[in-house]
Amino acid sequence: MIDLHCHILPGIDDGAKTLEDSLAMAEKAISQGITHILCTPHHMNGKYMNPASDVIRRVTALQAELDQRNLPLTLLEGQEVRINGSLMEHIEQQDILFTDLDNTYLLIEFPTLDIPAYTEQLFFELMSKGYTPVIVHPERNAKFREDPNRLIPFLDMGVLTQLTAPSIVGIFGKDIQKTAMSMMEHNLLHMVASDAHGVNTRNFYMKEAYEKIQKEFGTETVIRMQQVTKDLVNGDRPKLPDYQEIRKKRFGVF
Ligand code: FE
């Protein structure tokens, strides 16, 4: 199993603080059946800056620690990039890490409460240069929760989406779980990743999420979503199901 979104690198964002934390996360990941982790520290979120060269160096260092302890886990370098107006310049400066080595897919985080007005223009620009944004955890964003159909213009452009595992398991509460379920029912979410930050608070829940998806949507959906994660690492074009607009439903408290 691949985990495409994880804050396992020690001491560089709000994820693992120390090497011990990272090792505890690695052990937990292995027990969940995870074989590969894309290390995706926050980048440019107003608090943390983790440019590409730093992340690569730190991934190499943590991998060495895992290997030394015979922990069977392969780390890959990545970033969770906060959407911002100067993203194109940062890509040109080779400051940005993608999920694949061909620089095709990049994980984009939105502010919790907002979808910035320039998003469509920026995504259009990215797509026109061959970069595909992956919107991480839209089910946790206030605007997408209020109206999940706001994902549709982005999906029409070819943008991808990532469900965060604990959301569908119910760890972030019933509202977010319901939104995640509804988005899943309408094929608005393409793959699942942990966004794990530690072993005590924000844990992996990948096994539990796939179990839930299997129960609710069947084995085929699990296989398809797992294939998307492989495609994103390989830089391949994933096969995606048709999505539908959500009709006449009310979401949460909004
Ligand atoms: Fe994250």
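Along the sequence, the residues that donate to the iron ion follow the spacing H-x1-H-x72-E-x114-D. Histidine 5, in strand β1 (residues 2-6), and aspartate 195, in the loop between β9 (191-193) and α9 (206-217), are 190 residues apart and link distant parts of the chain. Helices (H or I, at least four residues) and strands (E, at least two) are DSSP runs, numbered from the N terminus.

This is a predicted model, in which local features need pLDDT of at least 70 and side-chain atom pairs count only at pLDDT 80 or more, while totals for chains, interfaces and linings use all residues. Residues are numbered from 1 along each chain as its sequence is written, and side-chain values use heavy atoms, without hydrogens or water.

The protein donors are His5 (NE2), His7 (NE2), Glu80 (OE) and Asp195 (OD), at 2.1 to 2.2 Å from the iron ion. Donors are N, O and S atoms within 2.8 Å of the metal (3.2 Å for Na, K and Ca); water is not among the atoms, so sites may look incomplete.

| Residue | Relative accessibility |
|---|---|
| Histidine 5 | 0% |
| Aspartate 195 | 3% |

The largest nonpolar core has 63 residues, with Ile37 and Phe204 among those having the most contacts inside it. Such a core is a set of buried Ala, Val, Leu, Ile, Met, Phe, Trp, Tyr and Cys residues joined through side-chain atoms within 4.5 Å. Helix α2 (residues 52-68) gives the most to this core, with five residues.

Conventions: Buried < 20%, exposed > 50% of the residue type's maximum accessible area, 1.4 Å probe, protein only.
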